[in-house]
Structure formats: C-alpha cells, structure tokens
There are 2 protein chains.
Amino acid sequence: MTVIALDAMGGDRAPQAVVEGAIAAARNGIEVALVGDEAVLTPLLTRFGGAPSGLRIVHAADAIEMGEHAALEARTRHDSSIYVGVQLVKTGEAEAFVSAGNTGAVFAIALLSLGRLRGIERPALGVLLPLPNGPALLLDGGANAEVRLTHLAQFAHLGVAYMRAVMGVAEPTVGLLNIGEEPTKGTHLAIEVHAVLATSGLRFIGNVEGRDVFAHRADVVVTDGFTGNVVLKTAEGVIDVLFGELRHLASGSLRDRLGAWLLRPSLRAIADRSDYRRYGAVPLLGIDGAVFVAHGRSDARAIESAVRTAATAIERGMLPALAESTTHLRTGATEA
Amino acid sequence: MTVIALDAMGGDRAPQAVVEGAIAAARNGIEVALVGDEAVLTPLLTRFGGAPSGLRIVHAADAIEMGEHAALEARTRHDSSIYVGVQLVKTGEAEAFVSAGNTGAVFAIALLSLGRLRGIERPALGVLLPLPNGPALLLDGGANAEVRLTHLAQFAHLGVAYMRAVMGVAEPTVGLLNIGEEPTKGTHLAIEVHAVLATSGLRFIGNVEGRDVFAHRADVVVTDGFTGNVVLKTAEGVIDVLFGELRHLASGSLRDRLGAWLLRPSLRAIADRSDYRRYGAVPLLGIDGAVFVAHGRSDARAIESAVRTAATAIERGMLPALAESTTHLRTGATEA
C-alpha cells in the first residue's frame, strides 16, 4: 500500500484544509502520514470526526513560513514538518512527500536529504497544464531561475520519462519554449539548446511559442524556471481576467443574466478544467525520491487531489522510470 | 495634418487588407502615404472605389518577406516598402511609419535610418495590454531577446514617458516582471534591476508577477524581449483556448446553445476588448522617429486602428516626450 507523507502545516489554508483533504484521501484508500504539530492536529481530526483508518499523525513541532528568507534557513530546522516529512521518504516509511508550503524550502530540503538522480544537475518543477485535449508538461515551472545548457537538456529527458510513465503518453513530443520557430531565434542559450535537443534521440519538434504551449503542440515544453514561472502565472492572470468578465455578465442586462444562468454549469465545468486543482500537485523531477508541491492556495479538494496525484505517480513507477532515462546523461559540460 | 506612411506590402493579408484599412483611415481624416508597388496598388484602389482625398501611393518596387533571414538582409534592400516608408519619416514627409510586415526588418531599418534617442541603447517594443480597467504597457515585447541592466532601466523611462504623453496617465507606476515579490527573487539581473529602479525617481512599485500584469498592478511592466514575447503569446494562447471552449458550447445541449446565443453579443464584446486589434499597432520606443508595427494577422479593421494609433501618438507629442525623458539617462555602464 502506498503511503504518502503530507505536510499538515503548509499552505495558505493549513492546517484545516490539509487535515480535511487528508481525511478525504484516506477514506479513498490512500495511506496518509500527516506531518505536523500533534497538539494542533489531534483536536482538528477530532473536530472532523476522528482519523479514518489509514491516516496517522507524525509529530513535527516546527513549521516553516512562506517567503524567500525562510527557504534559505529551512535546511537547519530539523523539527519542521517539511524536514520530518522528507525524512519519511528517505527512510522508506513513506513513498512520497506532498507539501503546499514554501516551495523553496521543500526544494532545498529534498535536495539536501534525498539528493539528485544520477545524470541530473538541477531538479525541476514539472507542471501539468490542463489543456482541453489532454495535459502537457511544462518544466521548469520555477525551481531554477537561471539555467545552463545541460540543465535544459536534462529537463527534456525528465519530462519525457514522466509523461511516458505517469501519463501514459507512448512517445511524448518535446518542444523548446522560444520566441520564434526558426532554430536561430531567441537567446544564445536557446539556440544552443535547440541544437542539442535536435540530436538527443528524443522526439524533438523544435521551438514552440507561448501560443503553441496552450495549443498543445508538444507534450513536454522545456524552459528555464524564470520563463516557466512567468508562463504559469500569466495563464492564471488571463484566466482570472476572463472569468471576472464572465461573472460580470451575470449582473448585467436581463438578457446577459439569463444567458449567464443557462451557461453556468458549463462555464463552471470549463473553469474546473482550467483549474490548477485538477492535478493538485507538481513533482520535483530529478530528486532521488518522490516529492510534490501543491499550490499555496490549495483547499481541501486540492489537497486530496494532490495526494492522489502523488499516489498515482508512485503506483505507475515514476521514480524508476525517471532514474532509468537519466542515468546516462552528460552532465557538467557547460559548468562555469 | 498628420501624415502616416503605411507599408502596403506587409502582413499576412497584404496588400488587400492594408489598402482597405488605408482607405478607411483616410476617410476618417488621416493622411496616408501608402508605400508599395504601384502596379499592384493602383488596380486595388480602383477596385475599392478609388483613392479618397488624403491617400496617395508612394512607389516601392520590392517587398521584404517574413522570416529571420529576410530581416537580416533587409538593410540592403533600398527599394523595399519598409525601407522607402522609413525614409519618408526620415525626410519629414511623414510623421510616422506603420507596418504589419517583418518586425525584425522594420526594427533593423528604423535603427539604421533613424537612429536612437539620446540616452537609449536599445529600442523596445511597447505593447499595450487591453485590460478591463484600462491599458498597461509591457516592454520589451520582443525586440531584444537578451538585455543588460541599463537597457531595462531605459525601458522603464521610455514606458513611463509613453504612458504619460500618449495615454494620459499622470504618474504611471512601474513594475519589474519577476517570479516573486521580494527584491531578492529571480535572476541576478532582475535583482540588480530592482535596485536600480528603486532609486530611479520613477514610481517603482517593485516586482510584479505574471498574474499581477493582468490584474493591472503596474501601468508599465519592464522585462526583457524574450520574457515579454512569451507573456504576450501565452496570453493569446490562453484566450484562444477559453474562447474555443465557449464556442464549443454553442453547439452543445439545448440549454448551452440558448445560453450561448443570449450571451453572444456580450461575449463578442469581451473578445473584442481582449483583442490585439483594439490598439492596432505597437510603437518601437527609443527610435529617433515614430515607427509602429501592427500584428502580422491584421485585417482591414486592425490596419485602420493601427494608423489611428500612430496618428494619435503623434498628435499627443509622443516623440518629444520620449526624447525629453531619456536624454539624461546613463548608458553603457554594463557594456561588456
């Protein structure tokens, strides 16, 4: 049975939403080790009707706050829920760790405690984009603001292995996020990466632009963590603006109000489909262990979905697939 | 009277759509110098009912194609519509040049023929984002894939001058596009730029994320041309996906079909508002002359809007405002 360690203290709505989500996941047959302050969690569990079988508390007295500074000092705080949760993966007591807390802290502690897969210099956040015709994977979603040639090439291999093993895409296509289709477009780094990916043995379709990402031109979109993060937050911002305008119609003319009322169930379905909560958690690909981060704004449903995402990835053999596909990669060729 | 030189041969729908747009602009009182092959344009004008007063043809035998390679060799093709059009601005026969053609070629020829404003090392594409609560300016929208510290600082001054003079925003706020709010977030370059903008005398509000751009947290958003271009194309892609899903509803259940029919006028209004054609053309800010590029997919309406955008910017004193605000800028401090 797959055991998922869950950071009870991470996220804007922790610990309540996390406890609720953990209970829902446990009721659906996933074993959850809820990591956090026992004095806080025990009464919460009681309030929600007691812990179902399959859910247990692992005590961690400390909790790491959000913010850059907290991430930097996180490695020294061995009583924190993130540190304790990652150790459960290290010792094999849990198969994966999930946190909606400080992504930087999760990244730093996972890297320190679990290390990297062989062939990988920089782990990346692999973000599944919920597109109408199936998910595409964007990486790096924000773990590495600055990257080098070999890092980007490694991201491509990690992404392909994940899409193949976990999402069941037989031969995932790979695109390089750039500002034009021609191989000579973009930064010097982009031009070099294009050349490397073209001879990587992967199913490389060349450069893809911002538009193409959302038209699902590639199953795996490779980019640095700065650009990747900007893409994700831009998409969120545009979706917010458009749904804001649609909501506005529901208080407009009689015609608009009636139309909005009729379309409401379908609009809600579209909103749900384009919602980050659909996939709940994104893997830190390249860590020698299964670690997932959930959105900081996760509610109980998102937490449950995050735990399920992690459990599914484990059951489908994510980690062995990643390890196998990256062992032979060239590293360090462009280290300064 | 403001004279706008218009590239008749540029854009996916040239020359027809450009000729139609030029006629519409001239009928609305803007003088247009339509630059292109006389043998092609004269019969087209006849087909559309003849040239209105205020519209004349300026002959240019050559036309530069799309694509990176064409942009590189464009500077040597002195009979091209882009080259001839830019010369009209240089000699003072036109106040501004507008093209929906090869942006790289327009940029290269404008830079070569007109030069830069004093204090500016790299001109930038200033793209107005049509947001529900008024436009925000993103720059660089794609002219410079790689930039240095001083370039980004100069973009901020150009953007503020444009928003103040042309868009009538008294004290425009400036944000630096980044992947977190803290001044220590992002690339080394972003951290340095943050420090420079904080002491620039501009109304700098700090880092803004992709979400914030579309929530209009800043009037002017500063970024490199790679990231800026990715933001714009991501926004286009997300809008396409969502409107594609809405269109899908119009052929769904009876309830959805009726709702979609009722909401159709309002949805169309929202689509129009979020449409690049609303502003028609984006200025190349930092060139010592008024040069605008329109979207390659521009139809007649978009061309007319582009010509109007250029004429309005000229009438509001864009160029003197830009020149005045940038003369004293520090340049070259980080040149390698």
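The model is predicted: local features need pLDDT of at least 70 and side-chain atom pairs pLDDT 80 or more, while totals for chains, interfaces and linings use all residues. Residues are numbered from 1 along each chain as its sequence is written, and chains are lettered from A in the order in which they are written.

Chain A superposes on chain B by a rotation of 180 degrees with 0.0 Å of shift along the axis, at an RMSD of 0.0 Å. The two copies are thus related as by a two-fold rotation axis.

Now the contacts. Residues count as in contact if their C-beta atoms, placed from the backbone, lie within 7 Å. Chain A gives 50 residues to the contact and chain B gives 48 residues. H9(A) supplies the largest share of the chain A side, 19 residues. Of the interface residues of chain A, 96% are also interface residues in chain B, so the copies meet through the same surface.

Domain bounds come from an automatic or database assignment. Chain A has domain 1 (1-120 + 286-316) and domain 2 (126-276). Their centres, over C-alpha atoms, are 26 Å apart. Domain 1 of chain A puts seven residues into their contact, domain 2 of chain A six residues.

Both sides by residue class:

| Domain 1 of chain A touching domain 2 of chain A | three residues | three residues | one residue |

Ala, Val, Leu, Ile, Met, Phe, Trp, Tyr, Cys and Pro count as nonpolar, Asp, Glu, Lys and Arg as charged, and the others, Gly among them, as polar.

Notes:
Least-squares fit on C-alpha atoms with pLDDT ≥ 70 in both. Contact = placed C-beta atoms within 7 Å. Helix = DSSP H or I, 4+ residues; strand = E, 2+ residues; numbered from the N terminus.
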